[in-house]
Structures are given as structure tokens and as C-alpha cells.
Amino acid sequence: MQKSRPQNIDYKKNLSNSQNFITDCYLIRKIIRLSNISKNDTVLEIGTGKGHLTEALCRRSGYVYSVELDRRLYESTSAKLASLTNLKLIHGDFLKYPLPAKGDYKVYANIPYFITTQIIEKLTNAPNPPSDIWLIMEKGAAKRFMGLPRENTKSLLLKVRWNMKILYHFRREDFHPMPSVDSVLLHLTRKAGPAHKKADDNSPKACRPAALL
């Protein structure tokens with residue numbers, strides 16, 4: 001199911017062109033409150049961006065690991081969020097980044113739309129997948145993953161192990177720069193069962209040393 005990144009595109013250029021930021025603090029607090037993230041949770045963020053969502057996640061959760069490919073954003077946000085003691089910023093490509101081998105963790109991110117499928121596949125097919133995933137993505141993509149208006153191979157495979165629900169519909173003007181497509185917040189919840197047995201150590205800190213440092 002995993003697809004390789006297209007070889008005929010400039011990945012970093014497309015990433016830069018695909019970045020649409022949410023900077024409204026009220027909206028950020030509103031959409032994070034739609035999650036069940038608490039101070040007991042370790043959260044992985046895909047794309048630090050300008051740090052607005054990252055900062056809010058730090059205030060809500062126990063610890064945040066945020067992976068950012070764009071060096072300029074990584075450096076500026078590192079300086080901006082230097083005072084946060086429960087944050088580790090990582091400069092790198094999330095698609096090449098190892099997910100936690102054990103322990104519970106959650107994912108919350110405003111992702112680059114052009115690699116949505118690769119991100120979903122990496123997270124949901126991981127040996128130790130997150131318990132919950134909240135992704136801001138293009139509305140059409142979210143509906144396809146949910147099998148709307150009709151089921152497809154990806155939606156049927158996802159539904160074996162995941163529940164999916166759209167929690168929020170954004171306005172295009174909520175983003176800067178404004179995207180040309182409609183966006184939603186999609187929540188994926190891991191189903192309980194033999195396919196997704198929890199690791200022996202379920203503490204929030206379990207995934208930090210081996211996989212996220």
C-alpha cells in the first residue's frame with residue numbers, strides 16, 4: 001500500500017508551495033479542544049511551520065515532538081519557542097523519520113496536502129501506530145479515505161483498523177496563504193483488538209528515547 005515519493009518533482013519546492021498556516025490563536029485553541037489530548041499524552045506533530053499550533057499543543061499535552069523539513073522555519077521557530085520545556089523540535093523529513101517502536105503516542109498536524117496519502121499510510125501501517133490521529137487536510141482527500149461517496153481500496157483497508165470522522169470544516173480564509181481547496185480536520189481512532197495490541201510499556205514517556213530523540 002505504501003507508495004514511494006514521486007521522483008519527477010522537487011520535493012522541497014512542492015513542500016514550500018503546499019504550506020498553508022493557521023495563525024489565529026482562538027481557532028487553534030478551538031480545534032485542539034476537539035481532541036482528547038491531555039497532559040498525560042506524548043504528541044507527534046508533522047510540520048512545525050511557524051509554531052502557532054506547536055505552542056498550543058505544548059500547553060495541552062505532556063510532551064511534543066515536532067518534525068520540520070524547512071530549515072528556515074525550523075530555525076525561526078526554534079528561537080521563538082525556546083522557552084518551552086516540553087518540546088523537542090527536529091529538523092528532518094517526516095516520511096524518513098522513525099516512528100516510536102513502543103509506547104502510546106498521538107499525532108496532531110496541519111500537513112502538506114501533496115503528501116497526504118504517504119503520511120496516512122506511514123502512520124496507519126506502522127508496527128506501533130498512534131492511538132489517535134488528527135490531521136488537517138484537503139476535504140476531498142478526507143472523504144476518499146472515509147469511503148465517501150463510495151468505498152475504495154484505501155477506505156476499505158483503513159476501516160479494518162481505524163474509525164474516521166470529520167470534526168471540523170475550515171474556511172479557506174482561515175489559512176495563510178489561502179488554499180485553493182476546502183479543508184477539514186480528520187480524526188482517525190485506532191480500533192481495539194488483536195491487530196493493534198498495545199506495547200507492554202504504555203507510559204507516555206516510553207516512546208521518547210528510542211524513536212523520537
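1. In this note, Ala, Val, Leu, Ile, Met, Phe, Trp, Tyr, Cys and Pro count as nonpolar, Asp, Glu, Lys and Arg as charged, and the others, Gly among them, as polar. On that scheme, the residues lining the largest pocket comprise four nonpolar, one polar and five charged.

2. The model is a predicted one, in which local features need pLDDT of at least 70 and side-chain atom pairs count only at pLDDT 80 or more, while totals for chains, interfaces and linings use all residues. Residues are numbered from 1 along each chain as its sequence is written, and side-chain values use heavy atoms, with hydrogens and water left out.

3. The largest pocket has a volume of about 220 Å³. Pockets and cavities are both found on a 1 Å grid over the protein atoms alone: a cavity is a set of points where a 1.4 Å probe fits but cannot get out, and a pocket is an open set with protein on both sides within 12 Å along at least five of seven lines; lining residues have an atom within 4 Å of a point. Grid points are joined across faces, edges and corners, and a volume is the space filled by probe spheres set on the points.

4. Which residues line the largest pocket? They are C25, I28, R29, I32, R33, H52, E55, A56, R59 and R60. Helix 2 (25–32) and helix 3 (52–60) each contribute at least two residues to this lining, and helix 3 gives the most, with five residues. Helices (H or I, at least four residues) and strands (E, at least two) are DSSP runs, numbered from the N terminus.

5. The structure also holds one cavity of 30 Å³ or more. The volume of the largest cavity is about 370 Å³. Of the 31 residues that line the largest cavity, I46, G47, T48, G49 and N110 are the closest to its centre. The elements giving two or more residues to this lining are helix 1 (11–17), helix 2, strand 1 (42–46), helix 3 and strand 2 (63–68).

6. How many aromatic pairs does a search of the whole structure find? The search finds four aromatic pairs. One of them joins Y63 and Y65, and it is tilted, at 5.0 Å centre to centre with 45° between the planes. For such a pair, the rings of Phe, Tyr and Trp (its six-membered ring) must have centres within 6.5 Å; planes under 30 degrees apart count as stacked, over 60 as edge-to-face and the rest as tilted. Y63 is buried, at 17% relative accessible area, and Y65 is buried at 1%. Buried means under 20% relative accessible area, exposed over 50%, and partly exposed in between (1.4 Å probe, protein chains only).

7. Y168 and F170 form an edge-to-face pair, 4.9 Å centre to centre with 70° between the planes. Y168 counts as buried at 17% relative accessibility, and F170 is buried with a relative accessible area of 7%. Y168, F170 and F175 form one aromatic cluster.

8. Another ring, that of F94, has the charged end of K122 sitting over it, 4.7 Å from the ring centre. The criterion is that NZ of Lys or CZ of Arg is within 6 Å of the ring centre and within 35 degrees of the ring normal.

9. The structure holds zero disulfides. C25 is partly exposed at 45% relative accessibility, whereas C58 is buried at 3%.

10. Where are the cis peptide bonds? One joins L148 and P149, with omega about 5°, and P149 lies in the loop between helix 6 (139–145) and helix 7 (153–161). Another joins H176 and P177, with omega about -5°, and P177 lies in the loop between strand 6 (162–169) and strand 7 (183–190).

11. Two buried loop residues deserve a remark. L84, in the loop between helix 4 (71–80) and strand 3 (87–91), is buried at 16% relative accessible area. L84 and C58 are 26 residues apart in sequence and 7.6 Å apart in space, C-alpha to C-alpha. S61, in the loop between helix 3 and strand 2, is buried at 1%. S61 and T42 are 19 residues apart in sequence and 6.6 Å apart in space, C-alpha to C-alpha.

Notes
Disulfide = S-S within 2.5 Å.
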